[in-house]
Amino acid sequence: MTGPRFRNVRRIGPVQVASFLARGRHRHLAACTAPNCDFSAEYDSRAAAELAARTHRCKA
């Protein structure tokens, strides 16, 4: 089995936001790409993921 196929990937500062299909439902992911930053979260809406990306303050 392969992992999720990310689409509509967008970078907002150090955070990447992407959409994917999981168990028949559209999900959205926000993940920080900075070294030593462990921030990542899944959301039900794209707007929520983008808001998290805009307000993320990286600790790294």
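Tutor: Begin with two terms: contact means heavy atoms within 4.5 Å, and helices (H or I, at least four residues) and strands (E, at least two) are DSSP runs, numbered from the N terminus. This is a predicted model, in which local features need pLDDT of at least 70, side-chain atom pairs count only at pLDDT 80 or more, and totals for chains, interfaces and linings use all residues. Residues are numbered from 1 along each chain as its sequence is written, and side-chain values use heavy atoms, with hydrogens and water left out.

Student: Which elements does the protein chain have, and in what order do they run?

Tutor: The protein chain contains four strands and one helix, arranged as β-β-β-β-α from the N terminus on.

Student: Which residues of helix 1 are buried?

Tutor: Buried means under 20% relative accessible area, exposed over 50%, and partly exposed in between (1.4 Å probe, protein chains only). In helix 1 (residues 46-55), Arg46, Ala49, Glu50, Ala52 and Ala53 are buried. They lie on the same side of helix 1 because they cover an arc of only 155° around the axis, the arc being that of the directions from the helix axis to the C-beta atoms. In general, an α-helix has 3.6 residues a turn, so residues three or four places apart point the same way.

Student: What do the buried residues of helix 1 pack against?

Tutor: They pack against strand 1 (7-12), strand 2 (15-22), strand 3 (25-32) and strand 4 (40-43).

Student: Is alanine 18 buried or exposed?

Tutor: Alanine 18, which is placed in strand 2, counts as buried because its relative accessibility is 7%. Beyond its neighbours within four places in sequence, alanine 18 has contacts that include Phe6, Val9, Leu29 and Arg46.

Student: Where does histidine 56 lie, and what is it in contact with?

Tutor: Histidine 56 lies in the segment after helix 1. With 15% relative accessibility, histidine 56 counts as buried. Leaving aside neighbours within four places in sequence, histidine 56 is in contact with Val15, Cys32, Cys37 and Phe39.
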